[in-house]
Structure formats: C-alpha cells, structure tokens
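Grab your viewer and work through these exercises on the predicted model shown here. Try each task before reading its solution.

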Amino acid sequence: MKLNQEYQLTYCTNIHPGEDWDSVMQTLDIYVPSIKQALSPDQPFGIGLRLSRQAADQLRNAHNLVVFKNWLAVNNCYVFTMNGFPYGGFHRQRVKDDVHQPDWTTPERYEYTHTLFELLTELLPEGMDGGISTSPVSYKHWHQGTEVVQEVMIKGVKNICQIAWQLHQIKANTGKFLHLDIEPEPDGLLEDTQTTLAFYNDYLLPQGTAWLTQNHNLSKEDAEECLRDHIRVCYDVCHFAVMYEEPEQVLQQLQAADIRIGKVQISAALKTQFPDGDRSLKEAAFQQFKESTYLHQVAALDQSGKRKQYPDLPEALEEIHQAEIKEWRTHFHVPIFLESYGELQSTQDDVVKTLNHLKTNHITNHLEVETYTWEVLPEDIRIELAESIARELYWVRQNFVQA
C-alpha cells in the first residue's frame with residue numbers, strides 16, 4: 001500500500017510457513033485479503049513475497065503463474081519486492097547459519113536469484129521499480145583469514161555482476177527497473193557500515209566494472225552506473241541496531257558514497273542495559289528467547305564502549321554475568337509495536353529514527369516490515385497472526401505521520 005504517496009509499504013511473507021508454491025498460495029489466500037481489508041480496503045495492496053527455491057521453480061510453471069496473476073488482480077494486490085535471502089526451508093526446522101547456504105560463491109545462489117528476477121519481471125506492475133533482498137555474500141565464521149575472505153568476495157562479485165547484467169538487459173528489453181538489495185547482517189561478510197563500504201569500494205565497483213567492460217562492452221562509466229543502480233543495499237533496521245549504529249549516520253554515509261538503498265526492512269531487535277548487581281532477572285528474560293530455529297547473534301558493549309560479538313544467544317548467555325559488559329543487543333526480530341518485553345526492551349527507537357529520516361530523505365521506494373519470528377516468540381507476547389501483521393503496518397503508518 002502507499003505510504004504518504006511516496007513509499008510502497010508492505011510486510012514480508014516469510015512470516016508464513018510454507019516452502020512449496022501450493023503452501024505459499026494457501027497462506028496468501030488466508031491472510032492477505034483480511035490484512036488488506038484492515039489497512040487498504042479501497043486501494044491496491046503490495047505484497048513482499050518470499051519464495052524458497054522450490055516455490056520459485058514451481059511458480060515458473062505457466063499455469064501457476066497465470067493463476068497467481070489472476071489472484072492478484074481479483075484481490076487488487078501486486079508484488080513489488082521479494083525476499084531472496086533464505087534459499088531453503090525457513091520454518092519448523094533448524095535454520096541457524098544455514099540461512100546463508102548456498103552463498104554467493106555458488107551457482108545455486110545465482111540461479112535462484114536469476115529465477116526470482118524472471119518472476120518479478122512478470123509480476124511487477126508498470127511504473128514501479130522492483131527489488132529482491134539477498135544474503136551479505138556469505139557467513140564470516142565459515143571463512144578464516146584475509147586471503148580466504150578475498151577469494152570469497154571475488155567469487156561472489158562475479159555472480160552478483162551476472163545478476164547486474166541480467167537486470168540491465170531486463171531494463172533495456174522491457175523498461176522495467178529492478179535491483180538486487182544486499183542485506184548486511186551481524187556475522188555476515190557485510191555486517192555494518194564499514195564492511196558494506198569496503199565491499200563496494202574494494203570489490204564490487206573495481207572488479208565489477210572491469211568484468212562488465214570486458215564481457216559486455218560497456219564503457220567504464222556505464223558499467224559503474226549499472227552496478228550502482230542495480231546492486232543496492234537492503235537496510236534492515238534491526239541488523240544495524242544490533243551493531244550499535246545510528247540510522248541517520250549509516251544512511252548518510254551510504255548516501256555520501258553513492259551507495260543506493262533498494263529497500264528498508266522495518267524491524268526491531270532486543271536490547272537491555274545491565275545493572276551493576278544481580279543479573280538473574282535479565283538472564284531469565286533472555287532464556288525465554290533462546291530457541292533452536294534461527295540465529296540470534298548478540299553484540300555486547302563493555303564499559304569502554306568496545307563491542308564483543310557472539311554468534312548466537314546460547315554462547316552469549318554463558319557470559320551474561322561478566323561485570324564489564326553493560327549492554328546487550330540481540331538479533332531477534334520482535335514485533336515493532338512493542339517497546340518493552342518485561343525486563344528487556346526493543347530497538348523500536350531506531351525504527352522511529354529511520355522513519356523520521358525517510359520523511360525528509362526519499363532514499364528508497366520500498367518499505368517492508370519483517371517480523372518473521374512469530375512461531376518462536378514467547379507465548380505471552382503472541383497475538384493472532386493477521387492482527388499482528390495489520391497492527392505492525394498500522395503502527396508504521398501512524399508513526400510515519402508523527403515522525
């Protein structure tokens with residue numbers, strides 16, 4: 001749906017379980033019409049579609065694609081953005097670091113993303129740009145040593161450049177403008193502003209420009225503009241908040257480097273400041289969020305302001321009573337309309353700061369609420385799913401007006 005006549009606002013359907021196309025279509029039919037009725041009864045409603053590799057391949061079937069297009073028309077809905085980060089199963093099974101598999105060094109990641117863009121070209125309405133968010137090249141704990149990381153980056157850039165060329169051709173042939181939105185995440189090879197800038201300046205732009213000029217006869221200027229235009233950043237508010245980065249500073253630094261934002265994912269993390277004394281209440285509160293499906297990376301801040309990172313919540317909990325640690329932030333996408341969770345708080349204030357920035361800086365057309373942890377939330381903070389989704393979108397709309 002439109003927000004302030006400038007932005008496309010939706011939620012990411014990765015909140016719904018279902019890895020094959022029939023399951024995806026079933027959940028869309030159950031939830032989307034009621035959410036649309038609550039928020040956008042008289043106007044078209046945009047969908048942030050998440051498809052696994054299996055579902056994407058099945059949607060390529062001509063019959064399935066025609067049926068889905070008809071469903072969109074009947075329900076006055078459209079697709080303008082996709083989540084291409086999780087390749088395989090994403091619910092009711094162990095995901096953890098496998099969410100990065102296959103990474104951008106592999107043909108599987110390239111082929112999956114290529115397929116998603118073929119589908120988005122078919123589904124995207126005329127006059128809109130379309131984007132697909134994706135993994136931050138790879139998971140850093142899989143790669144040890146500078147030379148190994150450099151090799152991974154070089155392989156990843158080659159595959160990403162092939163996507164840039166695909167999108168360049170789609171624009172030339174159809175007039176539709178599409179972009180790949182790389183999503184920095186704690187413990188990804190891109191995890192914060194510094195690593196994102198380094199990726200563009202040290203790998204994507206120099207190597208990608210050379211590859212496009214050599215393989216597709218683009219001028220150096222046209223090759224660089226192709227990369228800047230089609231390879232963008234997905235700014236996930238939760239992820240940067242976990243890394244203690246201020247939204248306005250991040251977005252200003254990216255803009256100064258001419259690194260463009262394809263999508264803002266509106267999400268909140270958990271945080272807390274520790275008391276000087278007993279921390280048992282804090283520990284008990286975090287224990288409620290320890291679960292076996294997703295990675296919940298923790299970034300701790302000590303008294304000197306130095307950051308220490310843990311790959312998952314269980315490892316962090318082993319050191320929760322260390323007196324020098326004063327604050328934790330945890331990668332757990334919690335509902336954005338709640339400011340606190342008993343002993344814990346959310347990074348909701350970072351969402352408000354981001355909305356405030358967007359009111360005066362039109363850096364993207366795409367806003368997507370991404371609270372995918374519904375099934376693993378503690379039971380006492382769950383509400384009915386459709387109501388929760390509608391409430392989050394309504395909260396964004398109201399706070400955007402007030403920002």
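**Exercise 1. Is strand β4 buried or exposed, and which strands does β4 pair with?**

Solution. Start with burial: β4 is mostly covered, with seven of its seven residues buried. Next, look at the neighbours. Strand β3 (residues 45–50) runs parallel to β4, and six bridges join the two.

**Exercise 2. How are the rings of phenylalanine 68 and tryptophan 71 arranged?**

Solution. A pair of aromatic rings is described by the distance of the centres and the angle of the planes. The whole structure holds 12 aromatic pairs. For phenylalanine 68 and tryptophan 71, the centres are 6.1 Å apart and the planes make 20 degrees, so this pair is stacked; the cut-off for stacking is under 30 degrees. Now place them: both sit in helix α3 (residues 62–74), three residues apart, or about one turn of the helix. Phenylalanine 68 counts as buried because its relative accessibility is 0%. Tryptophan 71, at 11%, counts as buried too. Finally, widen the view: Trp21, Phe68 and Trp71 make up one aromatic cluster.

**Exercise 3. Which parts does the pair of tyrosine 87 and tyrosine 112 tie together?**

Solution. Geometry comes first: tyrosine 87 and tyrosine 112 are edge-to-face, at 5.1 Å centre to centre with 70 degrees between the planes. Tyrosine 87 belongs to the loop between β4 (77–83) and α4 (107–123), while tyrosine 112 is in helix α4, so the pair links parts 25 residues apart in sequence. Both tyrosine 87 and tyrosine 112 are buried.

**Exercise 4. Where is the kink in helix α1, and what do the buried residues of α1 pack against?**

Solution. Check the length first. Helix α1 (residues 21–39) has 19 residues and spans 26 Å from its first C-alpha to its last, close to the 27 Å expected at 1.5 Å a residue. Now follow the axis: a kink of about 30 degrees lies at aspartate 29, shortly before proline 33. The buried residues of α1 include Trp21, Leu28, Tyr31 and Ile35. As for partners, the buried residues of α1 pack against β2 (7–11), β3, α2 (53–59), α3, β4 and α13 (385–402).

**Exercise 5. Which strands lie at the edges of the open sheet of six strands?**

Solution. Write down the order: β11-β10-β12-β9-β14-β13, paired antiparallel. The edges are β11 (307–310) and β13 (340–341), each pairing on one side only. Zoom in on β13: two bridges join β13 to strand β14 (residues 344–346) in the antiparallel sense. Across that pairing, serine 340 has glutamine 345 in β14 as its bridge partner.

Technical notes:
Residues are numbered from 1 along each chain as its sequence is written. This is a predicted model: local features need pLDDT of at least 70, side-chain atom pairs count only at pLDDT 80 or more; totals for chains, interfaces and linings use all residues. Side-chain values use heavy atoms; hydrogens and water are left out. Rings of Phe, Tyr and Trp (its six-membered ring) pair if their centres lie within 6.5 Å; planes under 30 degrees apart count as stacked, over 60 as edge-to-face and the rest as tilted. Helices (H or I, at least four residues) and strands (E, at least two) are DSSP runs, numbered from the N terminus. Buried means under 20% relative accessible area, exposed over 50%, partly exposed in between (1.4 Å probe, protein chains only). Two strands pair if DSSP finds at least two bridges between them. The expected span of a helix is 1.5 Å times one less than its number of residues. The bend at a residue is the angle between axes fitted to the seven residues ending there and the seven starting there. Contact means heavy atoms within 4.5 Å.
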